[in-house]
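Hi,

Here is the structure I promised to pass on.

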Amino acid sequence: MALPKYVQQNVFTPAEIEFISEYEQITILPLQRMETLTLLEGTYGPFRPPITIKVPLWLAVTLKKKHKCSIQPPKWLNIDTLKKKKQKEESLETFSDLPYHYLEISTILLDCASDDIPYSDEIKILLKDIQEIRKRKTKSGLDLINSNNIQLDNLGLMEINEIRPFFSKAFNDMRKLEEVLPNSQDSQTTQSFNTSRNSAY
Amino acid sequence: MEYDRENNSTSNDDTEEISDVILLMKSWINERCSPDILPYNNLVNDLLEQLEVQSEIIEANKNENVNAAFQNMLCQQEMDRVKFILRNYLRTRLYKIEKYANYIYHNSAYYERLSDKEIIYCEHYKELVDAHLFKSSLETAPTFLQNLNEPNMIVKPVLDEPVFCRVKEDLGDVQIQGSQGTSLTVTLKKNNIFMLRYKAIESFLEEGKVELL
């Protein structure tokens, strides 16, 4: 089997999503001098404290774990912005414009660099709240499912992945039902056309 | 794609450019999310060569000093990441090739989407499966039941499957096909996220105007 069973349904594993989000760029403050780093995806450096530099998240995390840099949290990851986002999230029906990888990035950063983020405990609680509110919204959006199109602006990858199996299944089931069931206002001719087309598959 | 790649090799130190690794990662994500087999990304071969070169550099710097050792470790870590993407990309394709082997075999249009090695794999796979089915059971069945290539026996990609996609540039009002051949208009604006039938955005995906999620 070329792919394990659990990833065959167009779903990513959480670990894979974390992997994808680790290619986002993040600003770090190097604590040690280091020469230019030539990687396949690009060249980073030279690292000269106290000049900040942008690197991919995975590199930042590795450096942080070796105590060779401190991480500058992204603009949205602070207590004021998140409080505003939470208010917006509560008052509006739509999803607020958090970054696409907000859940993954904040989890990774709070995990390994909580000392670089002021008020990290409060931020954790705020993020949890926001996540809960958004989850509630996706659940209440279930009745919007149809077999044509659903708009889900500002949803993060992790959130999409979470709803994907259920939404896809519902979408497919409705599509199949509609193919078999003719519209009530349709005439007999379309009905026979549809049945003949279905039997061809 | 071609354009991006050429740009990238000439100015490698500009981190604003989209690197090969990121491009391949996008291809991998698209491949994982789409019900159909997408055209093969030739970056695979380029990256394999780059990996080779990188491992030679690491080998050469092996006994330098502590700093070089640390840099080597980072390089090694990145190589492992790239190898993961490469492997997963190719495995995802193999999975689909195995699933649709019979269909691809009878549709020469699909051959253009596969690499040379994948075509060989697909043909061998189909021949093996056919031979196995024949030996294990079909041999004893009446001749008129021995055909494995009846149109309704061939598994083909379902292009009506839903996909999640993000629009990368404003596309305005677009007519998409809905249920029962009806068409409806959807406004596709930059950064909108939609769940649509794969068929509806297939052409945009090919042109790189949307990406799958």
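I call a residue buried under 20% relative accessible area, exposed over 50% and partly exposed in between (1.4 Å probe, protein chains only). By that cut-off A:E22 counts as buried, because its relative accessibility is 14%.

Some housekeeping: this is a predicted model, so local features need pLDDT of at least 70 and side-chain atom pairs count only at pLDDT 80 or more, while totals for chains, interfaces and linings use all residues. Residues are numbered from 1 along each chain as its sequence is written, chains are lettered from A in the order in which they are written, and side-chain values use heavy atoms, leaving out hydrogens and water.

Back to A:E22. Leaving aside neighbours within four places in sequence, A:E22 is in contact (heavy atoms within 4.5 Å) with A:P56, A:L57, A:W58, A:I108 and B:R81. With B:R81, A:E22 forms a salt bridge, the closest N and O atoms being 2.8 Å apart; the term means a side-chain nitrogen of Lys or Arg within 4 Å of a carboxyl oxygen of Asp or Glu.

Between chain B and chain A there are 2 salt bridges. The contact takes 56 residues from chain A and 51 from chain B. About 5100 Å² is buried between the two chains, with carbon and sulfur atoms giving 60% of that; buried area is the accessible area (1.4 Å probe) that two parts lose on being put together, summed over both.

Finally, A:I28 touches, among others, A:F47, A:I53, A:V55 and A:L63, again not counting residues up to four places away in sequence.

Cheers
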